[in-house]
Amino acid sequence: MPMAVNTFLEEYDFEGKIIAPFCTHGGSGLGSSVTDIEKLCPDAETADGLAVYGLRADQAGEQVAEWLEKLGLYGENQDREEEIQE
Ligand SMILES: Cc1cc2nc3c(=O)[nH]c(=O)nc-3n(C[C@H](O)[C@H](O)[C@H](O)COP(=O)(O)O)c2cc1C
């Protein structure tokens, strides 16, 4: 994970938030990013991440929409925010 993202996660309070990790990559995928985020933000819910191959990022629109929809953060299933506030 880029150090700038580490710094961002350290500086702000993510309690009660859903973190949806995503990245572009050249073969390493998300690496250890998801477990690193979970350690840095234990009071947040870290959702399943999405890794998009960098050279195909311009064709990833549908993949991103499907991922967000599966998480309930986009489209018809967009109800996760209510769930977490209950
Ligand atoms: C110096 C450098 C090293 C990189 N090393 C890796 C790597 O080891 N594994 C990987 O998955 N991506 C690596 N990347 C990232 C991808 O090659 C690619 O740059 C990225 O996914 C595309 O996103 P960008 O447009 O933000 O660069 C590296 C990028 C740079 C600039």
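Select threonine 46 and display its contacts, where a contact means heavy atoms within 4.5 Å. Leaving out residues up to four places away in sequence, threonine 46 touches Ile19, Pro21, Val34, Ile37 and Glu38. Threonine 46 sits in strand β3, residues 45–46. Helices and strands here are DSSP runs (H or I of at least four residues for helices, E of at least two for strands), numbered from the N terminus. Is threonine 46 buried or exposed? Its relative accessible area is 18%, and buried means under 20%, exposed over 50% and partly exposed in between, with a 1.4 Å probe and protein chains only. Threonine 46 is therefore buried.

A note before going on. This is a predicted model, in which local features need pLDDT of at least 70 and side-chain atom pairs count only at pLDDT 80 or more, while totals for chains, interfaces and linings use all residues. Residues are numbered from 1 along each chain as its sequence is written, and side-chain values use heavy atoms, with hydrogens and water left out.

Now look at individual atom pairs. The side chain of threonine 24 has an N or O atom 2.8 Å from an oxygen atom of the ligand. At glycine 26, a polar backbone atom is 2.7 Å from a ligand oxygen. At serine 28, a polar side-chain atom lies 2.6 Å from a ligand nitrogen. On its own the ligand has 620 Å² of accessible area, and the protein covers 27% of that; accessible areas come from the Shrake-Rupley method with a 1.4 Å probe.

Zoom out to the chain. Along the sequence, its pattern is α-β-β-α-β-β-α-α, with 4 helices and 4 strands. Of its 86 residues, 23% count as buried. Among contacts between residues at least 6 apart in sequence, 60% join residues at least 24 apart.

Finally, color by pLDDT, the predictor's confidence in each residue from 0 to 100. The chain's mean is 91, and 90% of its residues reach 70 or more. Which elements have the lowest and highest mean pLDDT? Helix α4 (residues 80–85) has the lowest, 57, and strand β4 (residues 50–53) the highest, 98. Where pLDDT is low, predicted coordinates should not be read in detail.

How values were computed: A polar contact is a pair of N or O atoms within 3.5 Å; within protein, one must be able to donate a hydrogen and the other to accept it, and residues adjacent in sequence count only if both atoms are side-chain atoms.
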